[in-house]
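Let's take a walk through a protein model together.

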Amino acid sequence: MPRAARIAAWGVGGLLLLVLILIAAVVVIGNTAGGRRLLERETAKLTSGRVRIAGLGGKFPSDIELVSLELRDPKGLWMSARGVSVRWSPLALLAWDMHIESIAIRAADVARRPVSSPASGGRSSSRSSMPAIDIDRMEIGTLVLEPAAAGMAARLNVQGNLHYESMQDARGSLVARRTNGKGDYEVTLGIDRSRMRGLLKLEEPAGGPLEHLLNFPGLGALSVVASLDGPRNAQK
């Protein structure tokens, strides 16, 4: 083997070894008490305080548990969650697929609508820079929408799933059922290169949370069942 090729091979091998060492270090840190506290602090620092986590546990990195999660914006706390569990496959990223087996949240509280950050003047990322996203199962045991978020206090149980690769390959479903009053919401959507399929079911009394979330006062009681199934070019 020529000397230049040997140098290149050793360089690539050394880089791969460094990556493996870094991955191993993160895994070790994430499975020690001190390392978990470090990750909690670094999460707040790296997000400028927008995301704060506490009680990091589970088997890092594939099985992550959080006692609490807080999301903040320039006005302060707008959403908090308790009992968060995420199970995913880090190896799936090798195929450029973020495969999440399950996301479970025991309770979440949306205090108000978040404040949007000013739009950046830079170019948006290309689709090719994003991995596919697969969420097999998502569940929120109790989702509380406070009056500042939905115009009234609403409690819901939420379940869903998602597959997204591109706007030509996406599907998902979301089902929410209100537990402190009447209200059922169900959305299913599927898109591929040739067809679109969708189902919408809504049941809500007058003055329900959807009326406030859509900022559509006087919408009245809703009882809707609508479906869509046909070629994509028919929607143009």
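**A guided look at the chain**

Out of the chain's 236 residues, 28% count as buried. Keep in mind that you are looking at a predicted model. Its mean pLDDT is 86, and 83% of the residues reach 70 or more.

One stretch asks for some care. Over residues 122-127 the pLDDT stays under 50, and the model has 4 contacts for them beyond four places in sequence. Where pLDDT is low, the predicted coordinates should not be read in detail.

Next, turn to the pockets. Which residues lie nearest the centre of the largest pocket? They are L56, F60, P61, I64 and W88, out of 17 residues in the lining. Two or more lining residues come from each of α1 (3-30), α2 (33-46), β1 (51-54), β3 (63-73) and β4 (76-89). The volume of this pocket is about 500 Å³, and its lining has 16 nonpolar residues, 1 polar residue and no charged ones.

P61 itself sits in the loop between β2 (57-59) and β3.

The second largest pocket has a volume of about 290 Å³. Here 17 residues form the lining, and L156, V158, L174, A176 and Y185 are the closest to the centre. At least two lining residues each are supplied by β6 (132-145), β7 (154-166), β8 (169-178), β9 (184-191), β10 (195-204) and α4 (209-213). The largest share, 4 residues, comes from β6. By class, this lining divides into 15 nonpolar, no polar and 2 charged residues.

Finally, look at two loop residues with positive phi. In the loop between α2 and β1 you will find S48, whose phi is near 55° although this residue is not a glycine. Is S48 buried or exposed? Its relative accessibility is 64%, so S48 counts as exposed. N215, in the loop between α4 and β11 (222-231), also has a positive phi, of about 55°, without being a glycine. With a relative accessible area of 63%, N215 is exposed.

Note on methods
Residues are numbered from 1 along each chain as its sequence is written. This is a predicted model: local features need pLDDT of at least 70, side-chain atom pairs count only at pLDDT 80 or more; totals for chains, interfaces and linings use all residues. Side-chain values use heavy atoms; hydrogens and water are left out. On a 1 Å grid over the protein atoms alone, a cavity is a set of points where a 1.4 Å probe fits but cannot get out, and a pocket is an open set with protein on both sides within 12 Å along at least five of seven lines; lining residues have an atom within 4 Å of a point. Grid points are joined across faces, edges and corners, and a volume is the space filled by probe spheres set on the points. Ala, Val, Leu, Ile, Met, Phe, Trp, Tyr, Cys and Pro count as nonpolar, Asp, Glu, Lys and Arg as charged, and the others, Gly among them, as polar. Buried means under 20% relative accessible area, exposed over 50%, partly exposed in between (1.4 Å probe, protein chains only). pLDDT is the predictor's confidence in each residue, from 0 to 100. Contact means heavy atoms within 4.5 Å.
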